[in-house]
Amino acid sequence: MLGTMAASTTLCLSPSSTHASTFNFHSKIVISNSTQSLNHAHCSSLYPLHCSLHKSDGIKTHFLAAASSSSSSSAASAEYVEEPATNVKFQTNLSFPGCSDSLTLFGTGYREKVFAIIGVKVYAAGLYLNQSIISELNDWKGQSKDAIQGSSSLFKTIFQSSLEKSLQIILVRDVDGKTFWDALSDAISPRIAEPTTADETGLSTFRSIFQDRPLKKGTFIFLTWLNPSRLLVSVSSNGVTSTVDASIESANVASALFDVFLGDNPVSPSLKASVAEGLSQALK
C-alpha cells in the first residue's frame with residue numbers, strides 16, 4: 001500500500017466520543033526495520049474515506065478506506081487527496097459550476113504524452129461522483145478493484161445515471177489551447193461513428209472554448225455531466241469557479257467524452273484504476 005516507504009502497517013481505529021461517524025487514527029509504519037510512530041489523523045464523514053496521517057518529521061501518507069455502519073451513514077474524508085505522480089491536490093468534496101449537489105472525489109490520476117520517447121505529464125485529473133451512485137451499483141457489491149476496473153457495464157451504469165458527475169483537470173504544464181483541444185478531439189471523434197447535427201454543434205462549441213486560449217500551468221478545467229445528454233465545460237485560471245463557459249446538448253459527445261476517460265481504453269489508465277479502487281472500497 002505504501003510503496004517503498006513501508007514494510008508493514010498497523011492501523012487502529014477508535015470512534016470519537018463526540019460523533020458516531022468520526023474516527024481517530026493511530027498508526028505505526030515499519031521503515032528499514034525500525035518502527036516510526038505517526039501522529040493521529042482526524043477523519044469526519046463522507047465516502048469514500050480519505051485519511052491523511054502525519055508524522056512529526058513532515059512525512060505524510062494517504063489512506064483510502066471505506067466507512068461502513070448503518071445504511072444512513074456517510075463516509076469520512078479529509079480536506080484533500082494528493083495525486084502521487086504530479087503532487088496535485090484535489091479537494092475531497094466540491095460544488096461544481098451548474099451542479100445542484102456537492103460531489104465526492106472517487107479517484108485521481110494523470111495524463112502523460114510521449115515526446116521523442118520521453119513521457120511528459122500534462123495534467124492531473126480527479127473524478128467526482130454523487131455519493132448516491134453507490135445505491136445504483138449493488139450488482140458489483142463486494143467485487144475487487146480489478147473486477148470493477150474491467151467492468152464496462154459498471155462504468156456504463158455510472159454514465160447513464162441521472163446523477164451529476166464531474167471531472168476536474170488541473171494542468172501541470174503550460175499548454176496551448178488549440179493543442180489541448182486537438183488531443184481531446186482526436187480521442188472523442190473516433191468514438192462518434194456518425195455525428196448528428198447536434199453532435200457537430202456540440203463539438204464546435206467545445207472547440208471554441210479552447211481555440212486561441214493559452215492554458216497556463218495550474219489552470220482548472222471542469223467537465224461536468226448534468227445528465228447523460230448534457231455536458232457543462234468551465235475553465236478557470238483562479239481555482240474553482242462558479243462560471244459555466246459552455247453547455248453542450250449532445251448525448252453522443254457526452255458519452256464519448258466519458259468513454260475517453262473511463263472506457264475500455266482510457267487516456268489516463270491511472271485515473272480509471274484509482275476510481276476502481278475508490279468504488280471497490282465504497283462497495284464493500
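## Leu279 and its surroundings

Setting aside residues up to four places away in sequence, Leu279 touches Phe106, Leu129, Ile134, Leu137, Ile148, Leu154, Phe155 and Ile158. The model examined here is a predicted one.

Leu279 also belongs to the largest nonpolar core, which holds 54 residues. Within that core, the residues that touch the most other members are Ile169, Phe180, Phe206, Phe210, Phe261 and Leu279. Helix α5, spanning residues 251–262, supplies the largest share of this core, with eight residues. A further core of 15 residues lies apart from it, and its members include Val88, Leu103, Phe220 and Leu232. In soluble globular proteins, nonpolar side chains tend to be buried together.

## Packing of helices α2 and α6

Helix α2 covers residues 152–160 and helix α6 covers residues 269–282. Their axes come within 13 Å and cross at roughly 85°. Because crossing angles of 65 to 115 degrees count as roughly perpendicular, α2 and α6 are placed in that class.

## Packing of helices α3 and α5

Helix α3, residues 177–188, and helix α5 have axes that come within 9 Å and cross at roughly 100°. These two helices are therefore also roughly perpendicular to each other.

The residues that meet are Leu184, Ala187 and Ile188 from α3, and Ala256, Leu257, Val260 and Phe261 from α5. The contact of α3 with α5 contains seven nonpolar residues, with no polar and no charged ones. Phe261, on the α5 side of this contact, is one of the residues that touch the most other members of the largest core.

## Val175 in strand β13

Val175 lies in strand β13, which consists of residues 175–176. Its relative accessibility is 13%, so Val175 counts as buried.

Leaving aside neighbours within four places in sequence, Val175 is in contact with Val122, Phe180, Pro214 and Leu215. Of these, Phe180 is among the residues of the largest core that touch the most other members. The C-alpha atoms of Val175 and Lys216 are 6.3 Å apart in space, although the two residues are separated by 41 residues in sequence.

## Salt bridges

The model contains five salt bridges. One of them joins Glu82 and Lys89, with the closest N and O atoms 3.2 Å apart. Glu82 is partly exposed at 23% relative accessibility, and Lys89 is likewise partly exposed, with a relative accessible area of 45%. Another salt bridge is formed by the side chains of Glu112 and Lys121, at 3.7 Å from N to O.

Arg230 is partly exposed, with a relative accessible area of 30%.

## Residues with positive phi

Most residues other than glycine have a negative phi. Asn87 has a positive phi of about 65° although it is not a glycine. This residue is located in the loop between β7 (80–83) and β8 (88–91). With a relative accessible area of 49%, Asn87 is partly exposed.

Asp212 is another residue other than glycine with a positive phi, in this case near 60°. Asp212 is found in the loop between α4 (197–210) and β14 (214–215). Its relative accessible area is 75%, and Asp212 is therefore classed as exposed.

Key: Residues numbered from 1 in each chain as written. Predicted model: local features only at pLDDT ≥ 70, side-chain atom pairs only at ≥ 80, totals over all residues. Heavy atoms only, no water. Axes fitted to C-alpha atoms, helices over the stretch in contact; angles between N-to-C directions. Helix = DSSP H or I, 4+ residues; strand = E, 2+ residues; numbered from the N terminus. Parallel < 35°, antiparallel > 145°, perpendicular 65-115°, else oblique. Core = buried A, V, L, I, M, F, W, Y, C linked by side-chain atoms within 4.5 Å. Buried < 20%, exposed > 50% of the residue type's maximum accessible area, 1.4 Å probe, protein only. Contact = heavy atoms within 4.5 Å. Salt bridge = Lys/Arg side-chain N within 4 Å of Asp/Glu carboxyl O. Nonpolar A, V, L, I, M, F, W, Y, C, P; charged D, E, K, R; others polar.
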